[in-house]
Amino acid sequence: CSSDLNFLTPSEAANTAVLLDAFMSIGEIDCTGFSMLSFLSLEVAPRFWDPHQHVRRMAADLCSRLLLCGCHAPGSPCHVDAEGTMIHVGAPHIALILRLQQQLLAVAVADPEPDIRLSTLAMLDVR
């Protein structure tokens, strides 16, 4: 990854490295029970179109993994039905999930790197 940062100015490379480290750190936190939708929408999703492929890959991965973490909170109105399907409740909640899923689908279709398209598509499941 660091060798891929050689074409950037030192400032751009440092900012990109910090962003990658931050995404990696956030991905290691157990966010189960805490909604990350606003954070994903405001801070992660805009990175789907970053010029640096490692940022795009990590943003798509982080968003896919944390998208539904708040739905499993003890007080969440969301629940799992008898067939194991997550039932989401609340128009703003559903709208954010839908918007993020649409953006992930756009990455799976339009990212210039084939491996990012494939890995993002694999992360989009029947959730």
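Is Val44 buried or exposed, and what is its relative accessible area? Val44 is buried, with a relative accessible area of 0%; buried here means under 20%, exposed over 50% and partly exposed in between, using a 1.4 Å probe and protein chains only. Before going further, note that this is a predicted model, where local features need pLDDT of at least 70, side-chain atom pairs count only at pLDDT 80 or more, and totals for chains, interfaces and linings use all residues. Residues are numbered from 1 along each chain as its sequence is written, and side-chain values use heavy atoms, with hydrogens and water left out.

Now for the overall layout. The protein has five helices and two strands, arranged along the sequence as α-α-α-β-β-α-α. Both kinds of element are DSSP runs numbered from the N terminus: helices are H or I with at least four residues, strands are E with at least two. The C-alpha atoms fill a box of roughly 50 × 25 × 20 Å along the principal axes. Of the 127 residues, 37% are buried.

Back to Val44, which sits in helix H2. Setting aside neighbours within four places in sequence, Val44 is in contact (heavy atoms within 4.5 Å) with Phe23, Phe39, Ala59, Leu62 and Cys63. In H2, which spans residues 37–44, Leu37, Leu40, Ser41 and Val44 are buried. Looking down the axis of H2, these buried residues fall within an arc of 120 degrees, so they line one face of the helix; the arc is taken from the directions between the helix axis and the C-beta atoms. An α-helix has 3.6 residues a turn, so residues three or four places apart point the same way.

That face leads us to the core. A nonpolar core is a set of buried Ala, Val, Leu, Ile, Met, Phe, Trp, Tyr and Cys residues joined through side-chain atoms within 4.5 Å. The largest one has 30 residues, and Met36, Leu40, Val44, Phe48, Cys63, Leu66 and Leu100 are those with the most contacts inside it. Helices H1 (10–28), H2, H3 (53–66), H4 (91–110) and H5 each supply at least two residues of this core, with the largest share, six residues, coming from H3. Leu66 shows some of the packing: beyond its neighbours within four places in sequence, Leu66 is in contact with Ile26, Cys31, Met36 and Leu40.

The structure holds three salt bridges, each a side-chain nitrogen of Lys or Arg within 4 Å of a carboxyl oxygen of Asp or Glu. In one of them, the side chains of Asp111 and Arg56 meet at 2.6 Å, N to O. This pair links distant parts of the chain, 55 residues apart: Asp111 is in the loop between H4 and H5, Arg56 in H3. Both Asp111 and Arg56 are buried, Arg56 at 6% relative accessibility.

Another salt bridge joins Asp115 and Arg57, whose closest N and O atoms are 2.7 Å apart. Asp115 is partly exposed at 38%, as is Arg57 at 25%. There is also a bridge between Arg65 and Asp61, at 3.0 Å, N to O. Arg65 and Asp61 are four residues apart in H3, and therefore separated by about one helical turn.
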